[in-house]
Amino acid sequence: MVAGVSLVATLGAAGLTAAPTASAAPQAAPAPGPLVRAISAPAADAPDVDVTKVQAHLTELNAIASRNGGTRKSSGQGYRDSVAYVKNKLQAAGYTVTEQPCTSGCATGAGPNLIAEWPQGDTAKVYMFGSHLDSVAAGPGINDNGSGSAALLETALTLAEHHPAMAARVRFGWWTDEEQGLNGSDFYVNSLSSAERTRIKAYYNFDMIASANGGYFINHLTSAAAQPMKAYWDTLGLQPEENTEGAGRSDDYSFEQAGIPTSGYAMGASARKTAAQAAKWGGTANRAYDSCYHQSCDTTSNINSTGLNRSVDGIASTLWKLAVTDSTPANDFSLSASPAGGTVDPGTSATTTIATATTSGSAQTVQLSASGAPVGVTVSFSPGSVTSGNSSTMTVATAAGTAPGSYPLTVTGTGSVTHTATYTLTVRGTGSCSGQQLLTNGGFETGTSPWTGDTGAIGSHAGQSAHSGSRFAWLGGYGYSATDSIAQTVTVPAGCAKATLTYWLHIDTDETDRVAYDTFKVKAGSTTLTTLSNTDAASGYVQRTLDLTPYIGQRIALTFTATEDSGLQTSFVLDDAALQVN
């Protein structure tokens, strides 16, 4: 959250709280006053969100900042690595995830907004939950606003895990460039059509929800939008107050200016706690709610774990009340592909029938799409949408240069609910092999794509150096129990005689025993190809070579994983990976 800016002045940005590191235990909440009851279970049907998982996200955000000059500012690699971390978690959970570049109004070099939508529920009724993902340049931004970002991420993952029936759509936003003036959320709201704005029934913002000396504040406390949030905190006897300090200073203001109802939780920034508030909530009177606001000390040791727990459970309670239903959707359908796979030569195509059926309620329009196609393969539908009970012909066309292999495609049907089916495309080999290098961005010089996993490890980090260029993947190096893993999926063409994986690895360690405490593994699919450890430490990079010939003609995920124990650090620094076939 930005400090000391009025509504009539140029708006400043609200800061995100960064995640706690495992080496720094979260700060205990202020001692509750006599009016505060123990934390009760969330509202009916809402799950309890595990606050330790929220803290694990904060740990990763803190580590990302540490690897990028101590900050996650919107124009830096620390912000982009934060986006990659959140995006990978959401995609794996089944969200429809979009990076929205801020092409006007944002600071030079600012990274994208990240938008994630759960693909179920009434598309005409959207409830949106958001937080800013950037920090100020001066620090890692763990309370401001890693706290809001991590709480939303774990709420989203909890929704996906429980997979309830949905009465409405839920959309999450992680905003760029808030600390420079609410610029990312402004850009998003201005990009919406009038109809799209109308579909958003309320927007909920979470900025600084774990302040160490915090209070319990709600935006627009008496509004209709705020009532589900207030109702949850009321069950805890917290007696929340209006968030006057944060008015107009965080991303909810962008939505408010567009006429969208808003609310949200906050626990305070640089304003001072009153004696009455200290008597009600505990903590220290006449001291800032967050004494590390916009400073380098806003780390994981600056987190009020009790307040964070109360906030994230209130978010889940609100989401469940507004968007979840106990009943089966009135209108539902099934989706299938017949045949469920096809085999073709490069340059030819295959077809299958995508069939739908109405399984409850009335027929509905189902929009068809496909994902997972490799380079050179296109997928089309005729027609592109059907009324449930009807079918469409899906055509999968390959290019002459499409690499032989087996490719699972996901067919998605989207109506009032969403269903998927799998179609497996097999491209025959021709018996010949064009020598080539298959890994993309193996030197990590062009960002994080197409690597997945803990991509915050990728960057130009102080304390280690690249084998070539300026960027590398620094896996491990924490000095406490942690795991970093990055992966890339490739197809090894049929017809080749040999496939060889090479990579350069620098292992440096503080371990002194000749015991394998910390390990580095390379996997092809679920098979471990090699295991190295702190006992293999050397003063510089060493090139490693692995034979992948047994995987010719297959599509495989190559995974590099570093695992540390709770003791001394071992860093596994990876660079210049290549997969050569000939």
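In this predicted model, Cys292 and Cys297 form a disulfide in which the sulfur atoms lie 2.1 Å apart. The torsion about the S-S bond of this pair is about -120°, so the disulfide is left-handed. Cys292 has a relative accessible area of 11% and is therefore buried, the limit for that class being under 20%. Cys297, with a relative accessible area of 29%, is partly exposed.

A search of the whole structure finds two disulfides. Besides the bond between Cys292 and Cys297, Cys102 and Cys106 form a disulfide, with their sulfur atoms 2.0 Å apart. About the S-S bond of Cys102 and Cys106 the torsion is about 85°, so this disulfide is right-handed. Cys102 is buried, its relative accessible area being 14%.

The largest nonpolar core contains 63 residues, of which Leu90, Tyr95, Phe129, Phe172, Trp174, Phe206 and Tyr265 touch the most other members. Helix α3, spanning residues 146–162, gives the most to this core, contributing eight residues. A second, separate core comprises 33 residues, among them Ala457, Leu546, Tyr551 and Phe572. In soluble globular proteins, nonpolar side chains tend to be buried together. The surroundings of Trp174 were also examined. When its neighbours within four places in sequence are left aside, Trp174 is in contact with Tyr79, Val86, Leu90, Asn113, Leu114, Ala116, Ser131, Leu133, Ser149, Leu152 and Leu153.

An open sheet of four strands has antiparallel pairing and the order β11-β13-β17-β15. Strands β11 (332–338) and β15 (378–382) stand at its edges; each has a single partner strand, so one side of each is left without a neighbour in the sheet. On average, neighbouring strands of this sheet are turned by 25° against each other, direction ignored. Within the sheet, strand β13 (residues 349–360) runs antiparallel to strand β17 (residues 391–397), and seven bridges join the two. Ile354 stands opposite Ser392 in β17.

Strand β26 (residues 519–524) pairs with strand β29 (residues 555–564) in the antiparallel sense over six bridges. Ala524 stands opposite Leu558 in β29.

How values were computed
Residues numbered from 1 in each chain as written. Predicted model: local features only at pLDDT ≥ 70, side-chain atom pairs only at ≥ 80, totals over all residues. Heavy atoms only, no water. Pairing = 2+ DSSP bridges. Core = buried A, V, L, I, M, F, W, Y, C linked by side-chain atoms within 4.5 Å. Buried < 20%, exposed > 50% of the residue type's maximum accessible area, 1.4 Å probe, protein only. Contact = heavy atoms within 4.5 Å. Axes fitted to C-alpha atoms, helices over the stretch in contact; angles between N-to-C directions. Disulfide = S-S within 2.5 Å.
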